[in-house]
Amino acid sequence: MKKQQYRICFFLPSLYGGGAERVMVNLASGFANQDIKVDLVLAKAEGPYILQVPANVRVIDLKASRVFASLPGLVCYLRQERPNALLSALDHANVIALLAKKLARVPTQMIVSVHSNPSKVTANAQSLRDKLMPYWTRLFYPQADAVVAVSNGVAKDLIRVTGLPKEKIKVIYNSVITPKLFEKANEHLNHPWFVQNEPPVILSAGRLTIAKDFPTLIRAFALVRKQYPARLMILGEGEERPKLEELIRKLGIQKDVSLPGFVENPYKYMKRAAVFALSSQWEGLPTVLIEALAVGIPVISTDCESGPREILENGRFGKLVTVGDEKGLAKALISSLKEPDWPPCEAWHSFSLESTLKEYMEILKEG
């Protein structure tokens, strides 16, 4: 592979604040730093992670109103630029990328990545598009040169849903940990909750969606607060905000719960929190859990499909509780707050950018 001539394209709907988007920006940056030409092609160039795209990555805005509408622009890009490889993420973008390659009739190597359990997404689908996604993935994913699953749990679910042969799927953990993460974790945090003699802060982060099940975390916190002085902060934005705010008011815990929205640097909050909690109903590979381990705070997670049990090595590096069990979650939180000392964890090393890049390079060489 001649790196000077090699061009790789990343295709995403946008760069709004989600784990998959952050991972793809990390990957794009990592490839670009190896003197590979990198294009980040977006259906619509918007979202907070735009600010994190390095200068050596070219951003191409297809200016589409939705992902399907980006198809003509992506076909045109593939015909003109003829990249050696295209990497896409998120099911609807993966389908459009594979269709675009077929229409463009170019030899571009196609790698699609799956960041969540397909069966869980379909079972909880709110839109017709998501309800029909299993049909589209069964139709288009066999055309990919490789399908990357971000965890073993996602790989198993993908095989069950799509019928893809096991050898077609490669498990590559997300490129979560970078040197910049540790730099950001050490930045100054000016917030009244994170000063000496204030109650400990339970932190969570993620899109405010049904999948993250923040209502269970909020109800668990209400139980914690009856026994132990603490505060809860949930970083992230999403469509469930009104319901969460109503639940917080109903429980009468407004003074001790904060929903600050999306923050550009969540790591300085993580480093100073007493414990990190993940309350999800389902995941693919929860990047925030890995990041919390890396900055060195105790973690508690639901034992959801999939990722937490893999990351925490069956509970060795953090407590696992039953999905939707607010009492169990509250008990685990209180235990961690009372016993703040936590043994050092090296589990996050498997999720470094260097490790992920190496595995993707192997796939590209095979192509």
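The second largest pocket of this predicted model holds about 430 Å³ of space, where a pocket is an open set of points on a 1 Å grid over the protein atoms alone, with protein on both sides within 12 Å along at least five of seven lines, and lining residues have an atom within 4 Å of a point. Its lining consists of 20 residues, and V67, F68, H92, I96 and R129 lie nearest the centre. Helix α3 (91-104) is among the elements that supply at least two lining residues, and α3 gives the largest share, four residues.

Local features need pLDDT of at least 70, and side-chain atom pairs count only at pLDDT 80 or more, while totals for chains, interfaces and linings use all residues. Residues are numbered from 1 along each chain as its sequence is written, and side-chain values use heavy atoms, with hydrogens and water left out.

Side chains of opposite charge can pair when their charged atoms come close. The count comes to 18 salt bridges, each being a side-chain nitrogen of Lys or Arg within 4 Å of a carboxyl oxygen of Asp or Glu, and three of them are set out here.

| Salt bridge | N to O distance |
|---|---|
| R58 and D39 | 2.8 Å |
| D157 and R160 | 2.5 Å |
| R249 and E246 | 3.0 Å |

R58 lies in strand β3 and D39 in strand β2, so their pair ties together parts that are 19 residues apart in sequence. D39 is buried at 1% relative accessible area, whereas R58 is partly exposed at 36%; buried means under 20%, exposed over 50%, and partly exposed in between, with a 1.4 Å probe and protein chains only. Both residues also belong to a network of salt bridges that links R7, D39, R58 and E81.

Technical notes. On a 1 Å grid over the protein atoms alone, a cavity is a set of points where a 1.4 Å probe fits but cannot get out, and a pocket is an open set with protein on both sides within 12 Å along at least five of seven lines; lining residues have an atom within 4 Å of a point. Grid points are joined across faces, edges and corners, and a volume is the space filled by probe spheres set on the points.
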